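Q: I would like to learn how to read the features of a structure. Please show it to me, then start with the terms.

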Protein chains: 2
Amino acid sequence: MAPEGQDVRAGTVPGDLSRLSLNTATTKHWTLREAVDGAARAGLSSIGPWRDRVQEVGTVEAARIIEDAGLRVSSLCRGGFLTTDDDVAAQAALDDNRRAIVEAATLGTRELVMVVGGLPAASAPGGPALPYPARGDVDPARDLVAARRRVADRIGELAPFAAGHGVRLVLEPLHPIFAADRAVISTLGQALDIAEPFPAEVVGVVVDTYHVWWDPDLQRQIARAGAARRIAGYQVCDWILPLASDPLLSRGHVGDGYVDFATITRWVRDAGYTGDVEVEIFNESVWSAPGDQTLATMAERYVRHVLPHL
Amino acid sequence: MAPEGQDVRAGTVPGDLSRLSLNTATTKHWTLREAVDGAARAGLSSIGPWRDRVQEVGTVEAARIIEDAGLRVSSLCRGGFLTTDDDVAAQAALDDNRRAIVEAATLGTRELVMVVGGLPAASAPGGPALPYPARGDVDPARDLVAARRRVADRIGELAPFAAGHGVRLVLEPLHPIFAADRAVISTLGQALDIAEPFPAEVVGVVVDTYHVWWDPDLQRQIARAGAARRIAGYQVCDWILPLASDPLLSRGHVGDGYVDFATITRWVRDAGYTGDVEVEIFNESVWSAPGDQTLATMAERYVRHVLPHL
């Protein structure tokens with residue numbers, strides 16, 4: 001859909017931005033310091049950094065930059081990629097997640113977002129083509145049930161370490177368009193099933209409108225997540241059509257697509273969520289816009305389509 | 001993924017093809033007669049025609065062509081598109097579905113596949129851009145909950161007419177990638193919820209691997225569908241990556257992508273399904289191949305990846 005109307009300039013938006021957070025993926029070309037300064041200029045109170053931008057300056061320095069600007073950290077993106085069926089790769093993945101947990105604790109956030117990874121068939125060295133086993137067998141590289149079981153097992157392995165650092169593993173269901181290659185957690189209900197054996201302060205979930213807006217069971221699962229006190233974050237961006245050639249980059253500003261933000265935001269509010277609302281947009285045209293303009297649009301759309309229902 | 005290995009020539013496949021059906025969308029450029037002749041040459045026993053190819057020759061003549069070739073009709077594609085919030089358009093949609101019901105009965109199939117339609121926002125005249133209502137309201141054109149309710153209501157309006165003609169309305173859950181613009185039924189569980197108030201011989205469901213392979217609740221919902229005797233069809237094709245620029249055309253031959261056909265086929269078998277297995281592929285490169293070659297590949301892949309588990 002075409003953007004609707006004129007966007008106001010940063011700082012002129014009439015509305016309370018105290019729960020609006022900039023996920024740094026939205027301003028992809030900004031360094032951490034630029035993103036922090038931009039968020040502060042726009043009147044935001046928090047930021048959700050990605051690990052690459054944190055690691056560029058080092059975790060301790062990143063924490064100082066954010067604190068000096070008077071911002072909170074809404075979450076750290078991201079851990080995960082736990083689906084491999086190779087034991088050596090699994091140990092490397094667990095080690096990397098332990099590093100991410102330490103980074104989250106150092107940054108002063110308890111919410112570590114987890115994108116759990118896709119099928120082994122989609123991450124094979126040399127490309128996706130994998131031979132099938134002998135006729136009649138289930139192919140381990142395409143065995144979605146087994147990949148999902150490994151995720152649950154490895155969350156169990158990480159949970160004590162996360163708990164020891166005061167960090168929550170925040171499972172992110174991704175849109176089923178990404179089930180093969182990025183995340184075998186495809187619904188909020190499934191994420192909650194995996195979280196259920198663990199305390200709410202150790203394993204949570206994030207509700208990202210882009211990924212879950214289509215789910216016929218969404219209202220019920222958001223209520224379930226709220227009752228269990230597992231909603232660790234609410235991320236907003238829009239489902240736009242036509243899809244970009246890389247569907248990962250096919251997200252739009254709130255209001256540019258098909259998501260019913262009024263209804264979903266009310267469900268999240270009614271579930272008792274009082275935390276930050278992150279805007280995380282992967283989109284080449286958003287990325288090519290000046291960062292301050294992106295933040296102004298973010299704020300204006302948030303005030304118009306999200307805040308009245310929050 | 002790359003096609004794997006050499007495909008055998010039509011007629012030389014060692015395997016029982018008595019349950020394999022050609023959905024005519026797979027051989028898009030063939031007329032109904034060409035598709036019927038091709039299916040018969042390849043040793044198939046049934047065909048699943050689309051309405052456009054049936055209407056080209058007229059329904060009575062189409063029925064004769066198929067019967068003369070000794071084939072069964074596995075299903076008719078398709079009715080649906082019932083989500084409009086405009087009363088006049090809704091009456092036109094219901095009328096068209098009544099015509100489709102008569103066509104199915106005339107062709108001698110009881111299974112009419114229903115693709116129920118997307119959000120009003122995605123089918124607005126003049127393109128998808130629609131203004132939002134005043135701040136704070138839910139936008140009717142993006143109201144997914146209401147669109148889904150209209151589908152259930154209109155299935156209820158059509159059910160007596162379908163029952164009177166011995167035809168079953170077969171609800172097709174489409175992959176959530178199509179929730180905005182093609183089908184607000186996104187999961188098998190949701191389709192079964194809509195079907196539940198009606199007798200199993202009047203409202204059923206179809207399991208299409210492309211649309212449902214990712215669903216964490218799939219095993220349970222297939223079993224539920226089987227127990228209720230509502231499985232009206234099983235369609236197979238593969239989820240390939242990268243997606244085609246038009247994701248509607250991003251389907252592959254069985255074995256070229258990520259779907260675990262062994263596991264899903266066993267679930268369908270264990271649910272008691274004994275009907276036809278349609279191959280329905282929308283893909284420009286499949287469409288540009290000679291039809292006989294497409295049928296040979298279809299048969300070879302079916303024998304290798306589906307039949308052993310059926």
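A: Start with exposure: buried means under 20% relative accessible area, exposed over 50%, and partly exposed in between, with a 1.4 Å probe and protein chains only. By that scale A:Asp270 is exposed, with a relative accessible area of 56%. This is a predicted model: local features need pLDDT of at least 70, side-chain atom pairs count only at pLDDT 80 or more, and totals for chains, interfaces and linings use all residues. Residues are numbered from 1 along each chain as its sequence is written, chains are lettered from A and ligands numbered from 1 in the order in which they are written, and side-chain values use heavy atoms, with hydrogens and water left out.

Q: With which residue does A:Arg269 form a salt bridge?

A: The general idea comes before the case. Side chains of opposite charge can pair when their charged atoms come close. A salt bridge here is a side-chain nitrogen of Lys or Arg within 4 Å of a carboxyl oxygen of Asp or Glu. A:Arg269 pairs with A:Asp270, and their closest N and O atoms are 3.0 Å apart. A:Arg269 is partly exposed, at 35% relative accessible area.

Q: How many salt bridges are there over all chains?

A: The count by this rule is 42.

Q: How do I read a salt bridge inside a helix? Where do B:Arg64 and B:Asp68 lie?

A: Helices (H or I, at least four residues) and strands (E, at least two) are DSSP runs, numbered from the N terminus. B:Arg64 and B:Asp68 both sit in helix α3 (residues 59–68) of chain B. They are 4 residues apart, about one turn of the helix. Their salt bridge has its closest N and O atoms 2.4 Å apart. B:Arg64 is partly exposed at 37% relative accessibility, while B:Asp68 is exposed at 55%.

Q: What separates B:Arg99 and B:Asp96 along their helix?

A: About one helical turn, because they are 3 residues apart in helix α4 (residues 87–107) of chain B. B:Arg99 is partly exposed, with a relative accessible area of 47%. B:Asp96 is partly exposed too, at 29%. Elsewhere, salt bridges that share partners join A:Arg33, A:Glu61, A:Arg64 and A:Asp68 into one network.

Q: Now a whole chain. How many helices and strands does chain A have?

A: Chain A has 11 helices and 11 strands.

Q: What share of the residues in chain A is buried?

A: Buried residues make up 61% of the 310 in chain A. Next, take contact, which means heavy atoms within 4.5 Å. Of the contacts in chain A with a separation of 6 or more, 80% join residues 24 or more positions apart.

Q: How do I read a charged residue in a helix? Is A:Glu103 buried or exposed?

A: Check its accessibility, then its contacts. A:Glu103 lies in helix α4 (residues 87–107) of chain A. At 10% relative accessibility, A:Glu103 counts as buried. Leaving aside neighbours within four places in sequence, A:Glu103 is in contact with A:Arg51, A:Gln55, A:Thr59 and A:Leu76.

Q: Now the backbone. Which residues does a cis peptide bond join in chain A?

A: Read omega. A cis peptide bond joins A:Cys77 and A:Arg78, with omega about 0°. A:Arg78 lies in strand β4 (residues 76–80) of chain A. In chain B, a cis bond joins B:Cys77 and B:Arg78, with omega about -5°. B:Arg78 is in strand β4 (residues 76–80) of chain B.

Q: Where is A:Phe81 found?

A: A:Phe81 is in the loop between β4 and α4 of chain A. Its phi is near 55°, a positive value in a residue other than glycine. A:Phe81 counts as partly exposed, at 34% relative accessibility.

Q: What is phi of A:Arg229 near?

A: Phi of A:Arg229 is near 55°, again positive in a residue other than glycine. A:Arg229 lies in the loop between α8 (218–227) and β8 (231–236) of chain A. At 67% relative accessibility, A:Arg229 is exposed.
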